[in-house]
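Here is a short report on one protein model and its ligand. Keep the sequence and the 3D view open as you read.

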Amino acid sequence: MNNSDLIKSAVIARQKSYSPYSGFSVGAALLCADGTVITGCNIENSAFSPTVCAERTAFFKAVSDGKRDFVKIAVVGGKSELEIPDYHCPPCGVCRQVMKEFCKPDFEIIMAKTPDDYKSMKLSELLPASFDKREV
Ligand code: THU
């Protein structure tokens with residue numbers, strides 16, 4: 001699957017965002033090695049800390065469906081009142097660590113405003129010198 005099609009799935013997932021507290025809506029689309037695409041959105045909570053990011057929603061849906069092999073993820077996030085985000089939203093540090101658990105260093109993270117306007121980085125660039133107890 002090409003990057004633009006994966007971003008289109010993230011844009012649609014973003015429409016499901018439940019983000020009444022921050023007003024910041026995020027969608028993610030995770031491409032699995034078997035070709036399936038698992039989407040996620042951010043889901044907030046009035047107690048704040050139970051909030052989960054779009055990327056982790058996608059990862060946890062995928063892992064709980066038995067997927068363990070991942071190729072790339074597209075992320076689209078920005079202020080809810082703007083249809084098109086005003087920046088290329090990067091994944092937070094917690095989501096990067098979750099990616100680290102399941103993905104190789106060359107896992108691709110596509111940060112998009114639109115299907116044609118995106119930046120792409122590898123997990124090893126976004127999370128260098130990361131903790132992994134399996135490597136100790
Ligand atoms: N958020 C994500 O869903 N992904 C990120 O990578 C950054 C932040 C969400 C969490 C919260 O609901 C809102 O964006 C504002 O931080």
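## The model

This is a predicted model.

## Around the ligand

Start with the ligand. Which residues are around the ligand? They are Ser-22, Phe-24, Val-26, Asn-42, Glu-44, Thr-51, Cys-53, Ala-54, Glu-55, Pro-90, Pro-91 and Cys-92.

The side chain of Asn-42 has an N or O atom 2.9 Å from an oxygen atom of the ligand. Pro-90 takes part through its backbone: a polar atom there is 3.4 Å from a ligand oxygen. Cys-92 also uses a polar backbone atom, and its distance to an oxygen atom of the ligand is 3.1 Å. On its own, the ligand has 370 Å² of accessible area, and the protein covers 79% of that.

## A nonpolar patch on the surface

Now turn to the surface. Tyr-18, Tyr-21, Ile-43 and Phe-48 form a nonpolar patch there. Together they have about 440 Å² of accessible area.

Tyr-18 sits in the loop between α1 (3-14) and β1 (24-32). Is Tyr-18 exposed or only partly exposed? Its relative accessibility is 44%, so Tyr-18 counts as partly exposed. Phe-48 lies in the loop that runs between β2 (37-41) and α2 (54-64). Phe-48 counts as exposed because its relative accessible area is 57%, and the cut-off for exposed is over 50%.

Where is Ala-129? Look in the segment after α4 (123-126). Ala-129 has a relative accessible area of 85%, so this residue is exposed.

## A pair of strands

Last, find strands β4 and β5. Strand β4 covers residues 108-114, and strand β5 covers residues 117-122. How do the two strands run, parallel or antiparallel? They run antiparallel, and 6 bridges join them.

Met-111 stands opposite Lys-119 in β5. To get from β4 to β5, follow the hairpin, which joins them through 2 residues.

Technical notes:
Residues numbered from 1 in each chain as written. Predicted model: local features only at pLDDT ≥ 70, side-chain atom pairs only at ≥ 80, totals over all residues. Heavy atoms only, no water. Pairing = 2+ DSSP bridges. Helix = DSSP H or I, 4+ residues; strand = E, 2+ residues; numbered from the N terminus. Buried < 20%, exposed > 50% of the residue type's maximum accessible area, 1.4 Å probe, protein only. Patch = residues over 30% accessible without salt bridge, like charges linked within 9 Å, V, L, I, M, F, W, Y side chains within 5 Å. Areas by Shrake-Rupley, 256 points an atom, 1.4 Å probe, with all protein chains shown as cover. Salt bridge = Lys/Arg side-chain N within 4 Å of Asp/Glu carboxyl O. Near = heavy atom within 4 Å. Polar contact = N/O pair within 3.5 Å; in protein donor to acceptor, adjacent residues only side chain to side chain.
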